[in-house]
Amino acid sequence: MRIAMIGTGYVGLVSGACFSEFGVHVTCVDKDASKIERLKRGEIPIYEPGLDELVARNVAAGRLSFTLDLKEAMAGADAVFIAVGTPTRRGDGHADLSYVYAAAEEIAANLDHYTVVVNKSTVPVGTGREVKAIISRTNPNADFDVASNPEFLREGSAIGDFMRPDRVVIGTSSERAAEVMRRLYRPLYLIETPIVLTSLETAELTKYAANTFLAAKITFINEIADLCEKVGANVHDVARGIGLDGRIGKKFLHPGPGYGGSCFPKDTLALVRTAQQVGSPLRIIETVVDINDKRKKQMAERIVAACGGSVSGKTVGVLGVTFKPNTDDMRDAPSLDIVPALQAAGAIVRAFDPAGMHEAEKLLPGVVWAKDAYGALDGADCVAILTEWNEFRALDLKRVKTLLKEPVMVDLRNVYNPGDMAAAGFAYSSIGRPTAPSQNV
């Protein structure tokens, strides 16, 4: 089989590489000439563990290629995937579908045989119908069907999520299109992956419903963590106690500074706007959006409080700035609220992130960037962990203590144990857990 993948961003590049690993001939298309040239040289524009090896292996095998020419990519293709960005539209919170619709027009101009046009981008309900209308208007003689095939990839573990998914959702009203999609995903039948066939609208809504539910789950445990701090309970024990209930599940019950990234912030807001537009408001998700926005801003206050109520003239060592580990993605990362708030309070911020500093430099002016974790802490008045990268989980605490002016740690990801930190002589604060009394050692 052959497919064309429009867009070499996170979803397009990962999906294209993974399909090629299945044995499909994939041509990835992008308008960014510099990105295509980099990919042809074997340079991966995003950080995703294992992606560089996966791309190199399938390029060498002749199953994966990159081009600026959509007509070339669509020649003989069974399906063409739209995997372009759908960022939040400025001013109203709706998803910006201009890239999707532009792709639909270009696809229409190059359709010369039966092809399934697949929306892989996260799009509001009704987008698939509009894509079909655009193609039909642009090329009335086109032989095609439209399908929705939402992605459920987690940054940092996207390849595993694609190769061993919980489910594959395919939305289409055409049995012909459904058969093409079944053939594409046939390798997953061997591991008995559920294939969920739905209407276009159902598939589109399923993606948003999944992401907003997970965002609500994160926000719920964050609020429970705040309550734990007031009543002396331990949020990790609460999370375990409820997570063992099969109706609830243990995933996404980890408290922190609020959700960020490329999906949850924009998808929750887009679904809220869609629901309001059709007169069926989602009050729970509206509250989730509001709480999460406020939470990220409140995290700087925790750091200031740990520093005695003022960070004016003090240096805060920040470990991690990406929204989660194993990615270089800075989109809506909590650090984008926390760091500027610390700077506004008079702090000097010295930071380190294993993968995100190149992107973060553009978004966080005035930050002093260190070469490693210990460099970020040298001479700092306190350390704040914002992202739980593995290399921050086993810091040499004796060395950290000697580097800091004061042994103060604010752990916004609950990486360390309060008792261990107290025994090491740290003034330690975390999220939703009782703080053990510190000991001088």
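## Close-up views of a predicted model

**View 1. Threonine 219 is a buried residue, with a relative accessibility of 5%.** Here, buried means under 20% relative accessible area, exposed means over 50%, and partly exposed lies in between (1.4 Å probe, protein chains only). Threonine 219 sits in helix H9, residues 200–231. Helices (H or I, at least four residues) and strands (E, at least two) are DSSP runs, numbered from the N terminus. Setting aside neighbours within four places in sequence, threonine 219 is in contact with Tyr259, Val288 and Ile291; contact means heavy atoms within 4.5 Å.

A word on reading these views: this is a predicted model, in which local features need pLDDT of at least 70 and side-chain atom pairs count only at pLDDT 80 or more, while totals for chains, interfaces and linings use all residues. Residues are numbered from 1 along each chain as its sequence is written, and side-chain values use heavy atoms, with hydrogens and water left out.

**View 2. Leucine 253 lies in the loop between helix H10 (235–243) and helix H11 (264–277).** Is leucine 253 buried or exposed? Leucine 253 counts as buried, because its relative accessibility is 4%. Apart from neighbours within four places in sequence, its contacts are Lys217, Ile221, Ala239, Ile242, Gly243 and Ile248. Leucine 253 and arginine 63 are 190 residues apart in sequence, and 40 Å separates them in space, C-alpha to C-alpha.

**View 3. Helix H5 (residues 98–110) and helix H6 (residues 127–138) cross at roughly 35°, and their axes come within 8 Å.** Axes are lines fitted to C-alpha atoms, for helices over the stretch in contact, and angles run from 0 to 180 degrees between N-to-C directions. From H5, look for Val100, Tyr101, Ala104, Glu105, Ile107 and Ala108; they meet Thr127, Glu130, Val131, Ile134, Ile135 and Thr138 in H6. By class, this contact has eight nonpolar, two polar and two charged residues. Ala, Val, Leu, Ile, Met, Phe, Trp, Tyr, Cys and Pro count as nonpolar, Asp, Glu, Lys and Arg as charged, and the others, Gly among them, as polar.

**View 4. An open sheet of six strands runs in the order E11-E10-E9-E12-E13-E14, with parallel pairing.** Two strands pair if DSSP finds at least two bridges between them. The edge strands, E11 (368–369) and E14 (427–429), each pair on one side only. Helix H12 (residues 283–306) packs on the sheet, touching E9, E12 (382–385), E13 (408–411) and E14, and its direction makes about 160° with that of E13. Within the sheet, E9 (residues 315–319) and E10 (residues 348–352) pair in the parallel sense over five bridges. Leucine 319 has phenylalanine 352 in E10 as its bridge partner.

**View 5. Strand E1 (residues 2–6) is mostly covered, with four of its five residues buried.** E1 runs parallel to strand E2 (residues 25–29), and five bridges join them. Methionine 5 stands opposite cysteine 28 in E2.

View 6. A search of the whole structure finds zero disulfides. Cysteine 307 is buried, with a relative accessible area of 10%, and cysteine 382 is buried too, at 0%.

Definitions and conventions. Disulfide = S-S within 2.5 Å.
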